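Take them one at a time, and try each task before reading its solution.

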Amino acid sequence: MYILRLTILFFLLGTGISFGQQVEKYQLGLFHKSNGNIQYINNGKRVIVRTFDGKRFKGEMVILNDGRIFVKGDEVDINEIAKFKSNPIGPKVVGVGIIALGGAVTMLELLISTVVVGITPFSDNKISHSGTGLIIAATGIPFFLIKRSFNERNWIFQLVTE
């Protein structure tokens with residue numbers, strides 16, 4: 001009985017593997033016309049697409065295998081793309097880190113000035129601190145505005161397999 005169960009188990013596992021299909025995964029390949037630089041945008045990335053007729057699509061990109069992409073449910077042909085923007089996550093992480101650092105510096109300044117001045121509920125002393133932490137935090141804001149932009153004048157848009 002034990003051998004029969006093992007035989008059935010291996011048979012089912014073997015047929016599942018042999019009848020499985022290999023799915024091709026596609027990427028959007030962006031090839032620079034003059035310097036040969038190549039960028040790849042994977043499936044599922046958040047993008048902004050502008051077509052030649054002025055329509056704008058913003059959202060998650062799903063790549064189909066026949067030269068089309070879906071952006072938030074709208075179908076766009078690769079040959080109709082005039083401008084393409086990708087929204088990378090790396091600069092946002094750096095921006096959040098810098099803003100958190102600025103907040104920590106501000107809190108540390110407030111803590112040190114409170115201990116040094118010796119604030120009590122009935123004293124007239126006031127807490128003072130420099131704006132260093134706020135300046136550090138403000139330098140993190142531009143990182144949220146970084147977007148990679150590609151237009152059809154300088155780039156060729158093609159579907160490539162991974």
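The exercises below cover a sheet, its strand pairs and a surface patch.

This is a predicted model, in which local features need pLDDT of at least 70, side-chain atom pairs count only at pLDDT 80 or more, and totals for chains, interfaces and linings use all residues. Residues are numbered from 1 along each chain as its sequence is written, and side-chain values use heavy atoms, leaving out hydrogens and water.

**Exercise 1.** Work out the strand order of the open sheet of 6 strands, and find its edges.

Solution. Strands are DSSP runs (E, at least two residues), numbered from the N terminus, and two of them pair if DSSP finds at least two bridges between them. The order is S6-S5-S4-S3-S7-S8, with antiparallel pairing. Strand S6 (74–77) and S8 are the edges: each has a single partner strand, so one side of each lacks a neighbour in the sheet.

**Exercise 2.** Find how many bridges join S3 to S7, and which residue in S8 is the bridge partner of Ser86.

Solution. Start with S3 (residues 46–51) and S7 (residues 81–86), which pair over 5 bridges; here Thr51 stands opposite Ile81. Next, S7 and S8 pair over 4 bridges, and Arg148 is the partner of Ser86.

**Exercise 3.** Locate the nonpolar surface patch that includes Ile141.

Solution. Patch members have over 30% relative accessible area and no salt bridge, with nonpolar side chains joined within 5 Å. Ile141 lies in the loop between helix H3 (132–139) and strand S8 (148–151).

Methods
Patches are made of residues with over 30% relative accessible area and no salt bridge: like charges are joined within 9 Å, nonpolar side chains (Val, Leu, Ile, Met, Phe, Trp, Tyr) within 5 Å. Accessible areas come from the Shrake-Rupley method with a 1.4 Å probe; for residues, only the protein chains shown count as cover. A salt bridge is a side-chain nitrogen of Lys or Arg within 4 Å of a carboxyl oxygen of Asp or Glu.
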